[in-house]
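Me: I would like to learn how to read salt bridges in a structure. Please take me through some cases.

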Amino acid sequence: MSPQQSSPQQPPSSGVAGAGPVAGVVRPGTGATRHGEYKVAGGKLVVVDLTVDEEARRIAAVSVNGDFFLEPDDALLDLNRSLVGLDVDAGRETIARAVEAGMPDDAQMFGFDAGAVGIAVRRALGHATTWADHEWEILPPVKLPIALNVALDQVLIEEVGRGNRPPLLRLWDWSERAVVIGSFQSLINEVDAEAARVTDTTVVRRISGGGAMFMEPGNCVTYSLCVPQSLVDGMSFADSYPFLDSWVMEALREVGVEASYKPLNDIVSAAEGESRGRKIGGAAQKRLASGAMLHHVTMSYDIDAEKMLQILRIGREKVSDKGITSAVKRVDPLRSQTGRSREEILETFMEVFGRRYGARPAAIRDAEMVRARQLVEEKFGTEAWTSRVP
């Protein structure tokens with residue numbers, strides 16, 4: 001889905017072509033109007049303009065508008081009225097329930113739903129933010145040991161949570177063959193220890209959940225987003241994944257790959273033919289008490305599938321379930337579908353993210369690198385952490 005910029009100067013519309021005055025609508029000049037927008041994934045734009053009774057801390061008047069469809073026309077009146085009087089701290093689910101309770105039984109909402117209205121209201125009230133509400137940085141890829149890459153995820157998300165850094169996109173690069181397992185995966189169940197030893201494969205555990213990543217130098221495209229949780233306020237986990245990766249879908253299209261999200265966290269090919277529905281990559285998240293969250297993605301560029309299946313136990317089961325034989329040599333959706341080098345794809349990712357969100361180039365700070373190296377010594381490079389789920 002494509003996030004929309006807040007624009008307090010935009011005059012609210014009725015949401016119904018040719019409609020006259022609507023009860024509860026805030027018009028320019030009648031007071032301080034708060035404005036929020038939310039674009040539904042695969043759906044329509046929902047806009048909310050409202051005013052607040054500051055003494056009572058409740059919504060005093062509201063206009064819901066956008067390019068959605070709503071039947072019957074008069075249901076827009078009920079939609080607006082359902083929001084008046086709500087507490088300014090109401091959560092998205094509370095707002096959605098109020099909308100559902102206030103709508104007539106025969107109302108039909110097309111391209112949006114009560115939950116989408118809840119997110120737009122939360123944004124108008126300042127609880128939820130949009131991409132445009134933040135300054136963004138891009139950290140270009142720097143070739144580092146895999147354990148240091150994993151440690152930097154923790155360091156950077158903590159720095160964003162403390163307000164010491166703006167939200168950011170970091171592209172990974174690494175210098176050795178590795179397996180990165182999810183925070184809650186069993187080491188024994190996931191990795192063949194003897195195969196890892198023989199193939200000189202480093203095994204590390206990251207702080208986020210999700211599945212194992214087989215990573216040889218140059219065979220994957222991996223990035224991390226360190227963002228405030230306010231960016232996904234009111235969204236389910238399932239909705240937050242495609243929302244945070246909407247920019248990368250645009251970047252993939254620019255390099256010739258049609259992709260889509262398969263719930264919960266898989267990016268799959270949307271191209272016609274045999275490749276349709278096949279996995280390109282996967283995402284994982286970690287949310288901190290500080291209000292920051294880590295979201296990262298790994299996509300296959302050109303993976304040696306046989307070597308991967310020697311090392312990953314679960315990978316063997318997944319492949320056998322799909323009837324794929326050991327004759328499979330490589331998994332290379334980004335390489336074969338684009339014909340571009342991995343470096344070109346990384347450059348396109350950075351260009352699209354920068355263009356879309358006004359992000360500026362930045363670098364890992366010396367103090368952050370010192371802290372990351374310390375975490376490798378104390379945590380990510382230790383047997384205790386790697387085997388914390390045996």
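Reply: Start with D78, which forms a salt bridge with R81; their closest N and O atoms are 3.9 Å apart. This is a predicted model, where local features need pLDDT of at least 70 and side-chain atom pairs count only at pLDDT 80 or more, while totals for chains, interfaces and linings use all residues. Residues are numbered from 1 along each chain as its sequence is written, and side-chain values use heavy atoms, with hydrogens and water left out.

Me: What is a salt bridge, and how many salt bridges does the rule give?

Reply: A side-chain nitrogen of Lys or Arg must lie within 4 Å of a carboxyl oxygen of Asp or Glu. The count here is 22 salt bridges.

Me: Where do D78 and R81 lie?

Reply: Both are in helix α1 (residues 75–83), 3 residues apart, about one turn of the helix. Helices are DSSP runs of H or I with at least four residues, strands are E runs of at least two, and both are numbered from the N terminus.

Me: Which residue forms a salt bridge with R360?

Reply: E135 does, with the closest N and O atoms 3.5 Å apart. The pair links distant parts of the chain, 225 residues apart: R360 is in strand β20 (residues 360–361), E135 in the loop between α3 (114–124) and β6 (137–139).

Me: Is E135 buried or exposed?

Reply: Buried means under 20% relative accessible area, exposed over 50%, and partly exposed in between (1.4 Å probe, protein chains only). E135 has 54% relative accessibility, so E135 counts as exposed. R360, at 39%, is partly exposed.
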